[in-house]
Amino acid sequence: MLRTIDNFPLLFQFALTNGMAHYQVPAVVRGIIGSRTWVRGIFSRTGHKHIEVDKLILDHHLSPIEEERLQNLQKRLHVPFDETLLEHQTSLLALWRAAFPDVTLKGLVSEQWKDIGWQGTNPSTDFRHCGFVALENLLFLARTYPASFLKLLFKTDGKRAKWEYPFAVAGINVTFMLIQMLDLYSERPRCLPGVHFVRILGEHEDAFDDLYCIAFALMDAHWLAMEASYMEFNEVLRRTRIQLERELLIEDIQVIQDLPAYNILFI
């Protein structure tokens, strides 16, 4: 029987190293990446290249659709989860039905929530750091990629650890990791992956939610490749972030579905 740790750490601090160019991805992930071209000079450590990167960020002017969609996404990030709102209650119940369609939930406060990976009997306490967008992300995964949702929830892939990460709380961490990685709390992203993401957002309104689904599946692939346990979850997220940052810098990426790791949702 799989077990999850009760006091799973929420919202790790992501301290990335400068070793991106030397990072090795798991074999299962390498198999879907293939040969792609990274944006020239991104991982160079010379001062000249850093100046070029900074100029690229500063020179990027948002189109009206990019501006609008970025603002809409940022508004979502600032909506706290409110257990008294009917919309939020309905979304939470929809997540339960996606996970256990044949099981009746006894209430919004119930021990049953631990079966999805909440830390306690009331899921609202786990949303305090990330808000309603984390629930929206989980629901998007369940509705758009139901097979991946169920595989991740019930951890049916690979050899699992004795102490597994709790699904729902891990999902909140993935949401927060993406917000940090893309610098979405700033008025405009000040990092190159964030700048490229906004361009993709201009072409693909659901880009953040789709990227979340990729990130969650990719995180699980790294978890399995590392044969990780809960004490290594921070490192698993760090590796996931590094790979996503690199893929967002591939020159011919136009929409999220162009990312090599997108295929992991269908393995």
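How many aromatic pairs does the count come to? The count comes to 15 aromatic pairs, where rings of Phe, Tyr and Trp (its six-membered ring) pair if their centres lie within 6.5 Å. The structure is a predicted model, in which local features need pLDDT of at least 70 and side-chain atom pairs count only at pLDDT 80 or more, while totals for chains, interfaces and linings use all residues. Residues are numbered from 1 along each chain as its sequence is written, and side-chain values use heavy atoms, with hydrogens and water left out.

A pair of aromatic rings is described by the distance of the centres and the angle of the planes. Planes under 30 degrees apart count as stacked, over 60 as edge-to-face and the rest as tilted. Phe149 and Phe167 pair edge-to-face, at 5.5 Å centre to centre and 80 degrees between the planes. This pair links distant parts of the chain, with Phe149 in helix H6 and Phe167 in helix H7, 18 residues apart. Helices (H or I, at least four residues) and strands (E, at least two) are DSSP runs, numbered from the N terminus.

Tyr165 and Phe233 form a tilted pair, 6.0 Å centre to centre with 45 degrees between the planes. Tyr165 sits in the loop between strand S2 (163-164) and H7, and Phe233 in helix H10, 68 residues apart. Tyr165 and Phe233 are buried. Lys155 lies over the face of Tyr165, at 4.3 Å from the ring centre; the criterion is NZ of Lys or CZ of Arg within 6 Å of the ring centre and within 35 degrees of the ring normal. Elsewhere, Trp96, Phe100, Trp113 and Phe154 form one aromatic cluster.

The largest nonpolar core holds 76 residues. Such a core is a set of buried Ala, Val, Leu, Ile, Met, Phe, Trp, Tyr and Cys residues joined through side-chain atoms within 4.5 Å. Ile116, Trp118 and Phe216 touch the most other members. Helix H9 (207-226) is one of the helices that each supply at least two residues. H9 gives the most, with 14 residues. Not counting residues up to four places away in sequence, Ile116 touches Leu95, Trp96, Ala99, Phe100, Leu153, Phe167 and Ala168; contact means heavy atoms within 4.5 Å.

Technical notes. Buried < 20%, exposed > 50% of the residue type's maximum accessible area, 1.4 Å probe, protein only.
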